[in-house]
Amino acid sequence: MRIALASALALCAGAALAQDVVRIGTEGAYPPYNFINDAGELAGFEIDLGNEICARAGLTCEWVTNDWDSIIPNLVSGNYDVIMAGMSITEERAQVISFTQDYYPPTASAYVALSEDADIMGVVAAQVNTIQAGHVAESGATLLEFATPEETVAAVRNGEADAVFADYDYLLPIVEASGGELVFVGERVPLGGGVGAGLRQTDDALREQFDAVITEMKADGSLNALLAEWFPGDEVPSY
Amino acid sequence: MCDDPANLDTLLWFVCYLTTGKHLAFYGAFGTVLLLLAVTAPVALLLGFGGAIAARSRLAPVAWLGKGYIAVVRGVPDIAFFLFFVIALDQGLEWLRHQWLCPDWTEPVRQGQNFLVCPEAKLPLATAPQWIHEVYGFALAVVTFAIVFGAFAANVLYGAMAAVPRAQIETAEAYGMTHAQAFRRVLVPQMWVYALPGLSNLWMILIKASPLLFLLGVRDIVYWARELGATQTPRFTDYPHGDWRMWYFLFLLVFYLALTRLSEIVLGRVMRRLTRGQAMAGGEVQRRAEAAA
Amino acid sequence: MTCWEIVQAYALRSLGIGERLLPQVDITLCHQFTLIGSGLLWNVYFGTLALGAGFFLAVATALARQSRHAVLRKPAEWFVFVFRGSPLFIQFFFAYFLFLSLRGTFPALSPLTSAAYGALFVLFLNTAAYSAEIFHGALQAIPRGDLEAADAYGLAGWRKFRRITFPTMLRLGWPAYTNEAIFLFHATTLVFFSGFPAAQQRGDALYYAKFFADRTFNPFVPYPILAGYFILLTLGIIALAGLIQRRLNRHLPAVPGPWRPRFRLVR
């Protein structure tokens with residue numbers, strides 16, 4: 001919510017980072033990437049990963065939740081320093097913020113509906129400001145936008161939308177738990193350049209720190225272990 | 001007991017479900033709402049008092065300021081004000097600090113779509129712990145509520161001050177009291193009974209405005225009701241359930257009905273107490289009722 | 001894009017006509033004026049229809065509250081209590097989720113999950129409850145002499161209501177009812193922030209104002225524009241209500257003091 005503040009100049013940021021607290025912004029509503037667990041705490045793949053990155057880089061990290069809708073503006077204005085919120089790397093976003101390398105491989109998006117013959121060119125629900133929403137708008141289907149991912153699925157359940165279009169990995173556990181009520185429809189669509197952490201374009205030093213740890217974790221297999229833990233199933237993503 | 005909820009019977013399942021950490025946060029949020037009401041009401045009353053005095057001032061510019069405050073805030077719709085003030089206050093404060101702390105800064109503060117002040121001027125400082133960020137967010141919300149409701153209170157008090165019979169003040173001045181003394185000793189004590197109906201109404205409106213905290217980014221009861229009521233998949237929770245948002249919001253509805261009803265009863269009692277012995281219609285009705293009994 | 005082109009592209013955007021994507025970069029004043037004005041169409045839609053329909057329910061409820069029969073009086077009292085005693089914001093949320101779950105059992109009710117019908121329905125009930133309270137007060141304030149005179153002239157039942165009770169009630173309640181109309185128009189800005197989804201980003205004036213504030217990070221332009229539009233709208237309502245007021249009071253000899261509008265922000 002709070003909206004102002006500064007994107008620190010590169011030189012200030014670099015000097016200040018060593019002992020500063022790094023604030024990581026996330027949505028807290030996008031399992032398995034990030035969500036709030038029964039205990040009321042943040043949990044998920046990105047929480048584990050972010051904590052590991054901070055531990056290895058010797059940073060003190062603090063998690064902040066922010067609505068998806070305004071997650072980029074609040075980064076730019078300095079309310080937090082990093083976004084880890086299942087955010088796909090896209091060209092449009094890269095014009096405003098900078099990304100680390102991907103820590104989740106380029107992913108597929110999928111349609112889910114109540115039956116396999118559902119009309120994916122009809123009314124399709126998607127979360128605002130996502131690559132999926134952009135894709136639906138371009139496809140010519142009627143886009144129904146919601147603020148949170150949960151609401152997009154609810155819209156299909158109650159018939160408000162014919163289908164929902166979202167990350168395959170977000171939809172998979174929901175479809176599995178629905179006991180046949182929800183099914184995947186049509187082909188999966190590869191979108192985006194993988195999921196990465198977003199930073200202000202002036203924060204090069206911090207980005208390099210994050211990048212170095214991600215490279216290290218890819219090399220020693222610990223990232224794959226985390227992926228296997230949070231995205232189990234037939235097709236475990238891996239590097 | 002709650003280690004394996006899947007095997008509990010319905011009653012125990014609900015006992016465990018309703019005491020998860022997430023639910024405790026939900027219950028805590030009711031405290032946030034009550035805290036907002038408890039803090040906002042006196043601050044708004046104070047602002048309103050200041051506004052009413054300013055509007056009555058014999059100095060024209062001060063009177064314009066007071067009347068302008070009342071008119072502007074009351075003339076513009078709803079939540080637009082809430083949404084606006086929270087950002088405007090934050091940016092305004094940081095801009096002032098920026099001017100004060102970083103006089104040598106040459107870059108423009110507003111660059112295209114960004115609002116950039118120097119790091120020392122940030123509020124709270126980027127290095128501050130998370131709880132300070134949260135308190136600051138809540139404080140902004142309280143100030144926003146107080147500004148908006150202060151204007152309403154100012155209007156009510158302005159009317160109440162005008163309603164005190166002129167003869168009362170003239171008598172006070174005839175006894176040799178100064179203007180300020182007459183104001184303090186005669187006008188202020190007497191105006192409350194005239195102000196109370198308006199202030200009661202304002203309190204009700206304040207209660208009903210409190211869920212708008214949600215729009216100001218505070219994690220309030222609306223946030224948690226939406227979060228808790230949403231469909232939960234078994235992989236991420238021990239308590240999977242379907243879409244229960246309707247029931248959570250029904251609970252909020254009942255909570256607010258109880259709160260407004262309770263306020264109505266309490267304020268009714270206060271009004272009866274205050275009108276006792278007053279030379280007003282209400283006092284007259286009471287007097288007759290007592291005489292008849 | 002010139003301003004005229006922007007107007008062509010976005011003036012009816014809130015109804016789904018025109019440019020599909022909302023402006024993303026190079027947002028000008030013209031964009032903001034056009035799109036926020038476009039959203040105002042929804043506020044007018046909600047306000048006008050809810051008031052128009054709510055008026056009749058309000059009169060009926062106010063009469064039911066006068067009734068000697070508890071069967072009529074009790075439901076009316078509860079209706080007013082529930083809608084006046086709880087925040088409209090929560091009513092919107094609850095109603096939306098209620099309509100969603102009803103949809104499974106009664107497919108005919110499915111339009112109610114859209115803002116255009118569902119939120120309108122809630123606003124209709126809400127304004128009916130608030131107006132019923134106003135008319136209830138007005139009914140009680142009708143001078144007894146007027147009613148006795150009606151009896152003396154042999155008026156009774158429907159004719160007495162239509163010729164005496166109703167016009168007097170309307171005349172007495174009109175100033176308060178005008179305020180209610182203004183608040184209702186202000187309250188329509190809550191619709192798209194309370195669960196009801198904005199299909200294809202078709203929203204009301206505040207929806208677009210917030211869109212611009214989020215996008216440009218500058219609240220000092222879109223919200224004052226919104227405020228300006230609403231002040232115009234409010235003045236329009238006051239002017240219209242004044243005309244009707246004059247007609248209602250045309251038989252009265254003395255002109256009462258100038259009526260001053262009162263504003264209330266939230267309900």
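The model is predicted, so local features need pLDDT of at least 70 and side-chain atom pairs count only at pLDDT 80 or more, whereas totals for chains, interfaces and linings use all residues. Residues are numbered from 1 along each chain as its sequence is written, chains are lettered from A and ligands numbered from 1 in the order in which they are written, and side-chain values use heavy atoms, with hydrogens and water left out.

**Stop one: chains B and C**

Select chain B together with chain C, where 40 residues of chain B are in contact (heavy atoms within 4.5 Å) with 42 residues of chain C. The area buried between them, meaning the accessible area (1.4 Å probe) lost on being put together and summed over both, is about 3,900 Å², and carbon and sulfur atoms give 75% of that. The count of salt bridges (a side-chain nitrogen of Lys or Arg within 4 Å of a carboxyl oxygen of Asp or Glu) between chain B and chain C is zero. Next, pick out α9 (245–275) of chain B, which gives the most to the side that touches chain C, with 10 residues; helices here are DSSP runs of H or I with at least four residues, and strands are runs of E with at least two, numbered from the N terminus.

**Stop two: chains B and A**

Now show chain A beside chain B, where 46 residues of chain B are in contact with 38 residues of chain A. About 3,300 Å² is buried between chain B and chain A, with 57% from carbon and sulfur atoms. On the chain B side, select B:Gln130, B:Arg235 and B:Phe236, which lose the most area to chain A and together make up 19% of what that side buries. The rule finds one salt bridge across this interface, and to see a salt bridge here, select B:Arg245 and A:Glu150, whose side chains meet at 3.9 Å, N to O.

Note on methods: Buried area is the accessible area (1.4 Å probe) that two parts lose on being put together, summed over both.
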